[in-house]
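Dear colleague,

Please find below the structure that I am handing over to you. My notes on what was found in it follow directly after.

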Amino acid sequence: MAACAIDSFGMRVFVSLPIWLGILSLITFFVAYMLVLSWADYSFVQPVSSVAYGVVALLGWLVLGEKVSALRWAGIAVICLGVFVVSRTGARQQAPSDKRRLVEG
């Protein structure tokens, strides 16, 4: 009986549109992240990607009607300010020959 319930649950998950949309979103994120990392330093990409914290809070407030406290908005503002400061430094890029020389040397 329990195996039948697990099979039934598994099939509902397998055919669930929100599950597949979530998987597609993750794949899209990882492909985009790899593309960005191919041309910019990790020390630039990682802080800039933290803008997602602000986007998630904003979408939660707008779309889902979640209550976001003033302290959380202040924290999001600090994160966005930090991202602004990091983005002003610019992304450093190295030529492929420079990277090879660093590995060989």
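Serine 50 is buried, because its relative accessible area is 16% and buried means under 20% relative accessible area, with exposed meaning over 50% and partly exposed in between (1.4 Å probe, protein chains only). Please note that this is a predicted model, in which local features need pLDDT of at least 70 and side-chain atom pairs count only at pLDDT 80 or more, while totals for chains, interfaces and linings use all residues. Residues are numbered from 1 along each chain as its sequence is written, and side-chain values use heavy atoms, with hydrogens and water left out.

Serine 50 lies in the loop between α3 (42–49) and α4 (51–63). Helices (H or I, at least four residues) and strands (E, at least two) are DSSP runs, numbered from the N terminus. Apart from neighbours within four places in sequence, serine 50 is in contact with Ile79 and Val83, where contact means heavy atoms within 4.5 Å.

**The chain as a whole**

The secondary structure of the chain amounts to 6 helices and 0 strands, and along the sequence the pattern reads α-α-α-α-α-α. Of the 105 residues in the chain, 11% are buried. Among the contacts between residues at least 6 apart in sequence, 50% join residues at least 24 apart. The chain exposes about 8700 Å², and carbon and sulfur atoms supply 73% of that area; accessible areas come from the Shrake-Rupley method with a 1.4 Å probe, and for residues only the protein chains shown count as cover.

Two packed helices are described by the angle between their axes and the distance between the axes. Axes are lines fitted to C-alpha atoms, for helices over the stretch in contact, and angles run from 0 to 180 degrees between N-to-C directions.

Helix α2 (residues 17–39) and α3 have axes that come within 9 Å and cross at roughly 140 degrees. α2 is therefore oblique to α3: angles under 35 degrees count as roughly parallel, over 145 as roughly antiparallel, 65 to 115 as roughly perpendicular and the rest as oblique. On the α2 side, Tyr33, Val36 and Leu37 meet Tyr42, Val45, Gln46 and Ser49 in α3. By class, this contact of α2 with α3 has 5 nonpolar, 2 polar and no charged residues. Here Ala, Val, Leu, Ile, Met, Phe, Trp, Tyr, Cys and Pro count as nonpolar, Asp, Glu, Lys and Arg as charged, and the others, Gly among them, as polar.

α3 also packs with helix α5 (residues 70–89), at an angle of about 150 degrees and with the axes 9 Å apart. These two helices, α3 and α5, are therefore roughly antiparallel to each other. Their contact is made by Ser43, Phe44, Pro47 and Val48 of α3 and by Val83, Val86 and Ser87 of α5. The residues in this contact of α3 with α5 are 5 nonpolar, 2 polar and no charged.

**α4 against α5**

How far apart are the axes of α4 and α5? They are 8 Å apart, and the two helices pack at an angle of about 145 degrees. In this contact, Val51, Tyr53, Gly54, Ala57, Leu58 and Trp61 of α4 face Trp73, Ile76, Ile79 and Val83 of α5. The contact of α4 with α5 divides into 9 nonpolar, 1 polar and no charged residues.

Isoleucine 76 is placed in helix α5 and, at 13% relative accessibility, counts as buried. Setting aside neighbours within four places in sequence, isoleucine 76 is in contact with Gly54 and Ala57. Isoleucine 76 and glycine 54 are 22 residues apart in sequence, and their C-alpha atoms are 5.5 Å apart in space.

Valine 51, in helix α4, is partly exposed, with a relative accessible area of 31%.

Yours sincerely
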